[in-house]
Amino acid sequence: MLSDYTMLNYGMALVLGILFGFSLNKAGLTKYNKIVNAFRFTDMAVLKYMLTALMVAMSGLYFMRWIGFVTFPSVPATYIAGNIVGGLIFGTGMALAGY
Amino acid sequence: MEDIKTFINFIIGYIRKDEWSPYVAGILLGIVGFVAVWLSDSLLGASGAFENFAGAIGKAVAPATFDNMYFNFIMPPGLNWSLVLFIGTILGGLIAAATSGTLLWGKRDAANSDAQWKAIFGPQPWKRWVIGFLGAIIIEYGAGIAGGCTSGLAISGGMLLAPAAFIFVAAMFAAGIVTTLIIYRRRY
């Protein structure tokens, strides 16, 4: 059986997931043309969306750490070869599938 | 009173819009991103959940094949936070499409509805399925090697100023631009 804390945490995940999917869909990132046109430099919505999210999340997180609400989780490990090779493969798939 | 009514109508009207300004949607994602760290001490991610899920199936079907380092320690199978998040993401996408009246569930051209895709590859739905399937395998493989996807590594890592995120995004765009150039040729 799952503990109360786990249930609450999973409930949180579900709510955050719904908001995440909602925002992705409304930004048009579920559309093939939005993704591919970012690579063609004809529609920059993907970049505007990603960088806005990045800025808001970054400011929020650093502010919350400053007032002592959060401690940062361990950051994704830097593994240069893996990050580059993985990124290259990922980008190829992204341009093909458009998701 | 009138003002509040106009305001609420404006909000509802905006929620029902098919396409939001990327800045507004981006603010929503940014808030979700830091609330996840604040209240759940977790990072948003989509690609890991596939591997947890695949691991669970694999352990049941072919335990010997899946008894390795990767599925035992790096991506342990079973229900976890990011899998629940992923289920929520699918629901959220469905809800968003329903609110803007663009939900294509069960419609005739649901599988291949993008005009630009049809112009490049053709109108047949099976092509969309095959290329989407192959592309997704490549995506998931790349995410596995890099240690995350656009949400798990680029945005969640980026907001913690992790160098990995910025290396990943640069490589992703480089490969994406080259691939699109090859597919589109003169129509680029």
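## Basis of the model

The structure is a predicted model, in which local features need pLDDT of at least 70, side-chain atom pairs count only at pLDDT 80 or more, and totals for chains, interfaces and linings use all residues. Residues are numbered from 1 along each chain as its sequence is written, while chains are lettered from A and ligands numbered from 1 in the order in which they are written.

## Chain A

Chain A contains four helices and zero strands, giving the pattern α-α-α-α along the sequence. Helices (H or I, at least four residues) and strands (E, at least two) are DSSP runs, numbered from the N terminus. The radius of gyration of chain A is 17 Å, well over the 13 Å that the globule rule gives for 99 residues, so the chain is more spread out than a compact globule. This radius is taken over C-alpha atoms, and the globule rule is 2.2 Å times the number of residues to the power 0.38.

Along the principal axes, the C-alpha atoms of chain A fill a box of roughly 45 × 30 × 30 Å. Of the 99 residues in chain A, 47% are buried. A residue counts as buried if 20 or more other C-beta atoms lie within 10 Å of its own, as exposed if 12 or fewer do, and as partly exposed in between, with C-beta atoms placed from the backbone.

## Interface between chains A and B

In chain A, 67 residues are in contact with 80 residues of chain B; contact requires C-beta atoms, placed from the backbone, to lie within 7 Å. Helices H1 (4-26), H2 (32-39), H3 (45-66) and H4 (80-97) of chain A each supply at least two residues of the side that touches chain B. That side of chain A comprises 44 nonpolar, 19 polar and four charged residues. Ala, Val, Leu, Ile, Met, Phe, Trp, Tyr, Cys and Pro count as nonpolar, Asp, Glu, Lys and Arg as charged, and the others, Gly among them, as polar.

## Nonpolar core

The largest nonpolar core has 67 residues, and those touching the most other members include Ala53(A), Phe90(A) and Ile155(B). Such a core is a set of buried Ala, Val, Leu, Ile, Met, Phe, Trp, Tyr and Cys residues joined through C-beta atoms within 7 Å. Leaving aside residues up to four places away in sequence, Ile155(B) touches residues including Met50(A), Ala53(A), Leu44(B) and Thr150(B).

## Positive phi in chain B

Asp41(B), a residue other than glycine, has a positive phi near 55 degrees. Asp41(B) is placed in the loop between helix H2 (22-40) and helix H3 (47-61) of chain B.

Arg185(B) has a positive phi of about 45 degrees and lies in the segment after helix H9 (163-184) of chain B. Arg185(B) is exposed, with 7 other C-beta atoms within 10 Å.

Definitions and conventions. Two residues are in contact if their C-beta atoms, placed from the backbone, lie within 7 Å.
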